[in-house]
Amino acid sequence: AQPPMRLGAQSNRVHDLAFAADARARPLLLAGGEAGVIEVWRVETGERMAVLRADSRPVLQIAHSPAALLIAAADSSNVVRIWDIRAGQATALTRPEDGIDSPGFLAFGGNGAWLLNAGRTTVRVWDIDMEKLRDMACALLRKPGQHGADVPRPPGQEGLCVPP
């Protein structure tokens, strides 16, 4: 048995755990907590590798797609986000005002090509194409003068959106 991992104060009360793997297939543990973060731990060493910020709302469900290197999480405001592990960037699939059911669970299918979200009364399936999702997010941010989506940034510090 492995020695116990001590979760950080950022996790606070853990709501969901999921196993994952990094790009080299080393096992990771994902812990979603009360403070709106997902802590990423290397199982073999107990070392905390990263803290992914979802929001300030509790992370209630987590799913991982080893084939696509994606992590999905749903928070208490019914927002579902996806992180590309390689890029470390999150993309929101839903907004609180979308009126989706509180996610009962999340699961990837089709080698990471789909994300299933089931609530109390609905089931949603998303076709996960990270380029398409990024373009959708940038289109929302790109409304004239909003959020600095098109502000040029120094090399190496590029944001999510590339100016059109």
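## Basis and overall make-up

Because the model is predicted, local features need pLDDT of at least 70 and side-chain atom pairs count only at pLDDT 80 or more, whereas totals for chains, interfaces and linings use all residues. Residues are numbered from 1 along each chain as its sequence is written, and side-chain values use heavy atoms, with hydrogens and water left out.

The protein chain has 1 helix and 11 strands, where helices (H or I, at least four residues) and strands (E, at least two) are DSSP runs numbered from the N terminus. Read from the N terminus, the order is β-β-β-β-β-β-β-β-β-β-β-α. Of the 164 residues, 40% count as buried, that is, under 20% relative accessible area, while exposed means over 50% and partly exposed lies in between (1.4 Å probe, protein chains only).

In strand β6 (residues 70-75), 6 of 6 residues are buried. In a regular strand the side chains alternate between the two faces of the sheet. Both faces of β6 are covered, with Leu-70, Ala-72 and Ala-74 on one side and Ile-71, Ala-73 and Asp-75 on the other.

Strands are taken to pair if DSSP finds at least two bridges between them. Strand β5 (residues 59-65) runs antiparallel to β6 and is joined to it by 6 bridges, with His-64 standing opposite Ile-71; the hairpin they form has 4 residues between the strands, and Leu-69 in its turn has a positive phi of about 55°. Strand β7 (residues 80-84) is also antiparallel to β6, through 5 bridges, and there Arg-81 is the bridge partner of Ala-73. The β6-β7 hairpin likewise has 4 residues between its strands, and Asn-78 in the turn has a positive phi of about 70°.

## A nonpolar surface patch

Trp-114, Val-123 and Val-125 form a nonpolar patch on the surface with about 330 Å² of accessible area together. Areas come from the Shrake-Rupley method with a 1.4 Å probe, and for residues only the protein chains shown count as cover.

## The second largest pocket

The second largest pocket has a volume of about 180 Å³. Of its 13 lining residues, Leu-28, Val-40, Met-49, Ala-50 and Ile-85 are the closest to its centre. β4 gives the most to this lining, with 3 residues.

A pocket is an open set of points on a 1 Å grid over the protein atoms alone, where a 1.4 Å probe fits, with protein on both sides within 12 Å along at least five of seven lines; lining residues have an atom within 4 Å of a point.

How values were computed:
Patches are made of residues with over 30% relative accessible area and no salt bridge: like charges are joined within 9 Å, nonpolar side chains (Val, Leu, Ile, Met, Phe, Trp, Tyr) within 5 Å. A salt bridge is a side-chain nitrogen of Lys or Arg within 4 Å of a carboxyl oxygen of Asp or Glu. Grid points are joined across faces, edges and corners, and a volume is the space filled by probe spheres set on the points.
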